[in-house]
Amino acid sequence: MLVNTPAELAVRNGYIVTMDADRAVIPDGTVLVAGGRITEVGPAADVAVPGPATVIDADGGLVIPGLVDAHQHAGMFLSAFDRIGAGRYPTVAPPGLLHGGGDMDAISAVSCLTNFPGFATSPEATEVAALAACAEEIRSGVTCFSEGGGGSADAIARAVESSGLRAVVTSMAADLVTDGDEIRRANDVDELLAAQDDLIDRWHGSVDGRVRAGLNLFFVGACSDELLDGTEALSSAHDVQISTHVAALANEAEWSRRHHGRTGLERLADAGLFSSRLGCIHCGYPTAHDVQAMVGAGVHVVHCPTSTTVLPSGYVDRGMFPAMERAGVSLAIGNDTTWLGGSLVRQLNDASSIHKDRTMTNDPLDASTVFEMATLGGARFCGWADEIGSLEVGKAADLAIVDRSGFRYQPGREPVRRFVEVGEASDVTTVIVAGRVLMRDRQLLTIDVDDLMGRAEAVVEELERSSRPPSGR
Ligand SMILES: [Zn+2]
């Protein structure tokens with residue numbers, strides 16, 4: 001019996017935020033771990049720590065479920081953009097790609113590329129990029145991320161494996177490019193679906209269960225109905241999650257109606273993709289009808305507040321995130337690649353603030369809602385809520401310790417709210433996944449940072465050379 005297994009690891013002296021059904025908080029508690037799972041959680045006075053167990057003293061810090069980054073592009077972590085200047089090199093990043101509601105033709109073309117120009121493209125370089133992303137995820141208290149596509153999915157999975165993290169890996173899929181009123185097929189649907197099927201065979205449930213494979217529709221507007229149908233069939237057959245960028249830009253709905261007769265969300269619903277296996281990334285432009293349909297089907301929406309406002313998408317002004325939260329849409333949170341969004345902790349800061357500015361109230365996306373988005377919400381989107389997202393007996397021992405000794409937390413009575421609203425990634429001191437300590441006292445234990453920095457530098461130098469425009473500007 002699990003509860004009779006002697007604890008191998010004990011986290012004590014923690015302010016434990018369980019996220020269990022009662023949302024219980026234990027101000028001075030202990031978590032025991034054996035076999036990678038939680039065997040006991042409770043007040044210090046009630047939980048005896050066996051002698052042989054390794055003890056980690058949380059020193060009064062928050063002990064939280066490991067955060068779930070529901071949208072990351074780990075393989076796109078290293079770019080040469082700030083070396084070559086994205087604005088000076090239009091073939092890398094057209095200056096108007098996402099401005100003014102989005103250059104939809106350009107976005108469809110980019111969506112059909114196997115690898116984005118300006119980013120690490122070889123499997124070797126992608127693995128370095130992904131490992132760098134894993135390092136930053138761990139430093140942010142993230143124990144699981146969902147990959148959104150870009151670069152070799154196998155290389156990303158290998159980085160996840162060596163880092164000790166948990167992840168859902170996917171491989172980019174899109175097949176249509178528009179040019180004015182024209183539309184042409186850029187990728188073969190059967191080949192895309194076969195590649196996704198192979199990825200599931202290779203990685204789903206692998207690495208002691210830490211790696212799962214998911215399906216990807218990189219951008220719905222660049223996907224044919226055949227690709228949507230085939231993806232739905234694969235998702236049903238293998239019971240795996242689907243990630244897709246949709247309803248992200250102001251120009252998207254009108255453009256989609258012109259080329260496909262319906263909006264992206266309408267096409268997903270028509271293809272039978274509306275279910276709890278679907279996660280809609282960004283999704284700041286749903287209609288009220290879409291919102292009701294998503295609630296009814298259990299569709300997840302992943303909010304990427306920082307990248308959305310940086311890019312800029314303009315959807316905060318639509319006010320749909322507070323509306324979706326009120327309607328009961330399953331919400332998660334993602335950083336949309338760390339080089340763009342920053343740490344997941346920053347996503348918590350931004351999600352809890354940007355909507356208040358728009359509505360001029362304190363109501364939308366309060367701290368407890370945002371914290372749930374980053375824990376249970378992400379776990380639900382990943383299809384992993386039976387294993388992660390809360391600190392409960394029997395669940396995987398995925399947790400993070402947050403130092404709350406500083407003046408951003410003290411004196412104070414609402415440490416979770418302080419973490420959500422003004423916490424920083426550097427507050428995270430210790431991260432544990434499946435009972436294995438990946439970071440302790442802010443030192444990464446599974447990644448050689450100096451070695452990785454050297455490899456990352458070499459990748460970016462090569463990118464800089466290969467991305468330089470022919471004119472030499
Ligand atoms: Zn994305």
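Which residues of helix H16 (residues 415–422) are buried? Select the helix and you'll find Pro 415, Val 416, Arg 418, Phe 419 and Val 420. Buried here requires 20 or more other C-beta atoms within 10 Å of the residue's own (exposed is 12 or fewer, partly exposed in between), with C-beta atoms placed from the backbone. Helices (H or I, at least four residues) and strands (E, at least two) are DSSP runs, numbered from the N terminus.

Before going on, a word on what you have open. This is a predicted model, where local features need pLDDT of at least 70, side-chain atom pairs count only at pLDDT 80 or more, and totals for chains, interfaces and linings use all residues. Numbering starts from 1 along each chain as its sequence is written.

Now color by pLDDT, the predictor's confidence in each residue, from 0 to 100. The chain's mean is 92, and 94% of its residues reach 70 or more. Over residues 87–92 the value is below 50, and this stretch has 12 contacts in the model beyond near neighbours in sequence. A contact is two residues whose C-beta atoms, placed from the backbone, lie within 7 Å.

Back to H16: show what surrounds it. Its buried residues pack against strands S1 (9–17), S5 (62–65) and S17 (399–402), and against helices H13 (344–351) and H15 (367–381). Stop at H13, which is mostly covered, with seven of its eight residues buried. Those are Leu 344, Val 345, Gln 347, Leu 348, Asn 349, Asp 350 and Ala 351.

Next, the helix pairs. Two packed helices are described by the angle between their axes and the distance between the axes. Axes are lines fitted to C-alpha atoms, for helices over the stretch in contact, and angles run from 0 to 180 degrees between N-to-C directions.

Select H3 (residues 123–139) and H4 (residues 153–163). Their axes come within 8 Å and cross at roughly 40°, so H3 and H4 are oblique to each other (under 35 degrees is roughly parallel, over 145 roughly antiparallel, 65 to 115 roughly perpendicular, the rest oblique). Among the residues making the contact are Ala 130 and Leu 131 of H3 and Ile 156 and Val 160 of H4. By class, that contact has nine nonpolar, three polar and three charged residues. Nonpolar covers Ala, Val, Leu, Ile, Met, Phe, Trp, Tyr, Cys and Pro; charged covers Asp, Glu, Lys and Arg; the others, Gly among them, are polar.

The axes of H3 and H17 come within 10 Å and cross at roughly 135°, which makes H3 oblique to H17. This crossing is left-handed. Ala 125, Val 128, Ala 129, Leu 131, Ala 132 and Ala 135 in H3 meet Val 449, Leu 452, Arg 455, Ala 456 and Val 459 in H17.

Over to H5 (residues 189–203) and H6 (residues 225–238): the axes come within 10 Å and cross at roughly 20°, so H5 and H6 are roughly parallel to each other.

Last stop: Phe 119, in the loop between helix H2 (104–111) and H3. Phe 119 is buried, with 26 other C-beta atoms within 10 Å. Leaving aside neighbours within four places in sequence, Phe 119 contacts Met 76, Leu 78, Ser 79, Gly 150 and Gly 151.

Notes. Left-handed = near helix turned anticlockwise from the far one by under 90°.
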